[in-house]
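Here is a short briefing on one protein chain. Please read it with the structure open beside you.

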Amino acid sequence: MELEELLSKMDAEGVIQGGSEVNEAMVAVSNETRRLCAILNNGVYTDEEIRQQVSQIIGQELDDGFSLFVPFTSDFGKNLTIGKNVFINSGCRFQDQGRIIIGDGSLIGHNVVFATINHDYNPLNRGTMYLKPIELKERTWIGSHATILPGVTVGENSVVAAGSVVTRDVPPDTIVGGNPAKFLANLEDKIK
């Protein structure tokens, strides 16, 4: 199955049945992505070389403002869109089968996890994966060790505090934190 057909099916259906043709195609792409991530994470590279390697992993040319500190892990790679002037700190893990969109000017702290997959509750059907996208709007800041769960949109300019587990959408211009993440403050109250 060609990549465009695979992405189209994953987006339209929102589910990958274990053992299906779509699952097999997804695994093939994932295998190549893990190989490319291993190369990235086990060498010493300039910022430009890192940009080139991440561009190859995601299939998108990245701008000169993109910066990443390794190690970096993507489960799939080809369903990840990164805007301009994005910084990703070390140890981040992106499970992007359901799609991850990172808006311009976003900052992502150490060891952040983006999870776009849930598995079936039926133990006999756990190989089935349900996909929901994650979107960071422009100028978001995701603190270290935060986890963003399937289907979440983080509004523009918002901050997710370190260690938070985000289970629902975050409105623009707010600060959230905790497990599950809850409203902490309006951003305008913190800007001096």
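Gln95 stands opposite Ala115, a residue of β9. That places us in an open sheet of five strands, seen here in a predicted model. The points below start with this sheet and then turn to aromatic pairs, a helix, backbone features and one arginine.

**The sheet**

- The strand order is β3-β6-β9-β14-β17, and the pairing is parallel.
- β3 and β17 (165–166) are the edge strands, and each of them pairs on one side only.
- β6 and β9 pair in the parallel sense, over three bridges.
- In general, strands of a sheet pair through backbone hydrogen bonds, either parallel or antiparallel.

**Aromatic pairs**

- How many aromatic pairs does a search of the whole structure find? The search finds three.
- Phe69 and Phe87 make an edge-to-face pair, because their planes stand at 85 degrees, over the 60 degrees that this class needs. Their ring centres are 5.0 Å apart.
- Phe69 sits in the loop between β2 (67–68) and β3 (72–74), while Phe87 is in strand β5 (residues 87–88). The pair therefore ties together parts that are 18 residues apart in sequence.
- Phe69 has a relative accessible area of 44%, so it counts as partly exposed.
- Phe94 and Phe114 also form an edge-to-face pair, with 4.7 Å centre to centre and 80 degrees between the planes.
- This pair links distant parts of the chain. Phe94 belongs to strand β6 (residues 92–95) and Phe114 to strand β9 (residues 113–115), 20 residues apart.
- Ring pairs join Phe72, Phe94 and Phe114 into a cluster.

**Helix α2**

- Helix α2 (residues 21–41) has 21 residues. At 1.5 Å a residue it should span 30 Å, and its end C-alpha atoms are 30 Å apart, so the two values agree.
- The buried residues of α2 are Val22, Asn23, Ala25, Met26, Val29, Ser30, Thr33, Leu36, Cys37 and Leu40.
- These residues cover an arc of only 155 degrees around the axis, so they lie on the same side of α2.
- Glu21 and Glu24 are exposed on the other side of α2.
- What do the buried residues of α2 pack against? Their partners are α1 (3–13), β1 (15–16), α3 (47–58), β2, β3 and β11 (129–131).

**Cis peptide bonds**

- Val70 and Pro71 are joined by a cis peptide bond, with omega about 5 degrees. Pro71 is in the loop between β2 and β3.
- The bond from Asn179 to Pro180 is cis as well, with omega near -5 degrees. Pro180 is in the loop between β18 (174–178) and β19 (181–186).

- Arg99 is not a glycine, yet its phi is positive, at about 100 degrees. Arg99 lies in the loop between β6 and β7 (100–102).
- With a relative accessible area of 25%, Arg99 is partly exposed.
- Asn111 is a residue other than glycine that has a positive phi, near 55 degrees. Its place is the loop between β8 (107–108) and β9.
- Asn111 is partly exposed, at a relative accessible area of 31%.

**Arg139**

- Where is Arg139 found? It is in the loop between β12 (134–136) and β13 (141–142).
- Arg139 counts as partly exposed because its relative accessibility is 48%, between the cut-offs of 20% and 50%.
- Apart from neighbours within four places in sequence, Arg139 is in contact with Asp104, Gly105, Ser106, Glu156, Asn157 and Ser158.
- The side chains of Arg139 and Asn157 are joined by a polar contact of 2.7 Å.
- Glu49 is 90 residues from Arg139 in sequence, and their C-alpha atoms are 25 Å apart in space.

Definitions and conventions
Residues numbered from 1 in each chain as written. Predicted model: local features only at pLDDT ≥ 70, side-chain atom pairs only at ≥ 80, totals over all residues. Heavy atoms only, no water. Helix = DSSP H or I, 4+ residues; strand = E, 2+ residues; numbered from the N terminus. Buried < 20%, exposed > 50% of the residue type's maximum accessible area, 1.4 Å probe, protein only. Contact = heavy atoms within 4.5 Å. Polar contact = N/O pair within 3.5 Å; in protein donor to acceptor, adjacent residues only side chain to side chain. Phe/Tyr/Trp six-rings, centres within 6.5 Å; stacked < 30°, edge-to-face > 60°. Expected span 1.5 Å × (residues − 1). Arc of directions from axis to C-beta. Pairing = 2+ DSSP bridges.
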